Amino acid sequence: MGMFDHITYEGIQYQTKDTPDQGISDYEIKENELWHRNVKYEWVESADSLFGGHLNEVSHQWEFCKDFDGAIRFYREDTGNGGWKNDAWIEYETLFMNGKMIKCERINEYNTSSN
């Protein structure tokens, strides 16, 4: 089981495992372009912490993913139809070239594996 990134599309946050970073990062599709939130961290020592410290965000900036070519599939729980307990998801598949979205298709609105 790997980590996933967050991607925001039309103001709604989704999960994905298809983005380039795969480091619990934030992405956003803005005006049909893929953007990545590049964060700089510093290590802060703390005797009370399980690992002896933690990462603290120092700065961030949004960067256009101009070199990204590929497909990104992203999804979120459809709470209006019972959510994960009902295997209800909203899912999109997008295709990018040079960081620009050239295709976006809604895969499903409601899916139950029990039927």
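With which side chain does the side chain of Asp5 make a polar contact? The model is predicted, and the tour begins at this residue.

**Stop one: Asp5.** Select Asp5, which lies in strand β1, residues 5–9. Display its side chain together with that of Thr19: the two make a polar contact at 2.4 Å. Next, show the backbone nitrogen of Ile24, which the side chain of Asp5 reaches at 3.0 Å. Asp5 is buried but has no salt bridge. To check this, select Lys17, the nearest side chain of opposite charge, which is 10 Å away. Then display the surroundings of Asp5: beyond its neighbours within four places in sequence, its contacts include Tyr14, Gln15, Asp21, Ser25 and Tyr27.

Gly23 counts as partly exposed because its relative accessibility is 39%. Not counting residues up to four places away in sequence, Gly23 touches Met3 and Asp5. For a distance across the model, select the C-alpha atoms of Gly23 and Asn98; they are separated by 21 Å, and the two residues are 75 apart along the chain.

**Stop three: the largest nonpolar core.** Select Ile7, Ile29, Leu34 and Phe74, which touch the most other members of this 14-residue core. Strands β1, β3 (26–30), β6 (70–77) and β7 (89–97) each supply at least two of the core residues, and β7 gives the most, with 3. Finally, centre the view on Ile7. Leaving aside neighbours within four places in sequence, Ile7 is in contact with Ile29, Leu34 and Phe74, and also with residues including Ile12, Tyr14, Tyr27 and Ile72.

Conventions:
Residues numbered from 1 in each chain as written. Predicted model: local features only at pLDDT ≥ 70, side-chain atom pairs only at ≥ 80, totals over all residues. Heavy atoms only, no water. Helix = DSSP H or I, 4+ residues; strand = E, 2+ residues; numbered from the N terminus. Buried < 20%, exposed > 50% of the residue type's maximum accessible area, 1.4 Å probe, protein only. Lys, Arg positive; Asp, Glu negative; His and termini not counted. Salt bridge = Lys/Arg side-chain N within 4 Å of Asp/Glu carboxyl O. Polar contact = N/O pair within 3.5 Å; in protein donor to acceptor, adjacent residues only side chain to side chain. Contact = heavy atoms within 4.5 Å. Core = buried A, V, L, I, M, F, W, Y, C linked by side-chain atoms within 4.5 Å.
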